Amino acid sequence: DSLSQLDRLKKLLLDERRRQEGAWQQIQGDLESAMSDTEQAYVDYRDVAGGLQRAMNRTEERYADCDESALGGRREEDEREAAEEEEEEEGAEEEEASQHD
């Protein structure tokens with residue numbers, strides 16, 4: 001009788017050990033999966049961050065181009081206005097000279 005109790009205890013211990021090993025393997029598998037997901041998330045983050053940085057650089061370049069273009073356009077407009085004013089002044093001076101003659 002005590003032998004059968006001992007055999008039952010051994011069987012219970014072996015069953016418990018297998019159950020714990022199975023649980024431990026499940027935990028390890030879950031941990032490996034979580035680590036893999038984390039690594040992939042980091043790779044995705046780097047890709048997104050790199051794309052964002054490239055977009056920001058392009059935007060800065062476009063703003064710089066717009067600023068240069070606006071400055072260039074403003075410069076041309078200023079030069080045109082100065083030339084018109086000069087022509088008006090010359091025209092006024094010629095008119096005054098013709099009136100004095």
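Visitor: What makes Arg-17 count as exposed?

Guide: Exposed is the word for over 50% relative accessible area, while buried is under 20% and partly exposed lies in between, with a 1.4 Å probe and protein chains only; Arg-17 has 54% relative accessibility and therefore counts as exposed. This is a predicted model, in which local features need pLDDT of at least 70 and side-chain atom pairs count only at pLDDT 80 or more, whereas totals for chains, interfaces and linings use all residues. Residues are numbered from 1 along each chain as its sequence is written, and side-chain values use heavy atoms, with hydrogens and water left out.

Visitor: How do you know that the side chains of Arg-17 and Glu-21 meet in a salt bridge?

Guide: A salt bridge is a side-chain nitrogen of Lys or Arg within 4 Å of a carboxyl oxygen of Asp or Glu, and for Arg-17 and Glu-21 the distance from N to O is 3.4 Å, so the pair meets the rule. The two are four residues apart in helix α1, which means that about one helical turn separates them. Glu-21 is partly exposed, at a relative accessible area of 40%.

Visitor: Which residues are linked with Lys-11 in a network of salt bridges?

Guide: The network links Lys-11, Asp-15 and Arg-18. Between Lys-11 and Asp-15 the closest N and O atoms are 3.2 Å apart, and between Arg-18 and Asp-15 the distance from N to O is 3.3 Å. Lys-11 and Asp-15 are four residues apart in helix α1, while Arg-18 and Asp-15 are three residues apart, and about one helical turn separates this pair. As for accessibility, Lys-11 is exposed at 52% and Arg-18 is exposed at 53%, whereas Asp-15, at 32%, is partly exposed. By the salt bridge rule the count comes to four.

Visitor: What radius of gyration does the chain have, and what would a compact globule of 101 residues have?

Guide: The radius is taken over C-alpha atoms, and the globule rule is 2.2 Å times the number of residues to the power 0.38; a compact globule of 101 residues would come near 13 Å, but the chain has 43 Å. The C-alpha trace spans about 145 × 10 × 5 Å along its principal axes, and 1% of the 101 residues count as buried. Ala-82 and Lys-11, 71 residues apart in sequence, are 105 Å apart in space, C-alpha to C-alpha.

Visitor: How many positive and negative side chains does the chain have?

Guide: Lys and Arg count as positive and Asp and Glu as negative, with His and the chain ends not counted; the chain has 13 positive and 33 negative side chains, and the centres of the two sets lie 33 Å apart.

How values were computed:
Charge placed at Lys NZ, Arg CZ, Asp CG, Glu CD.
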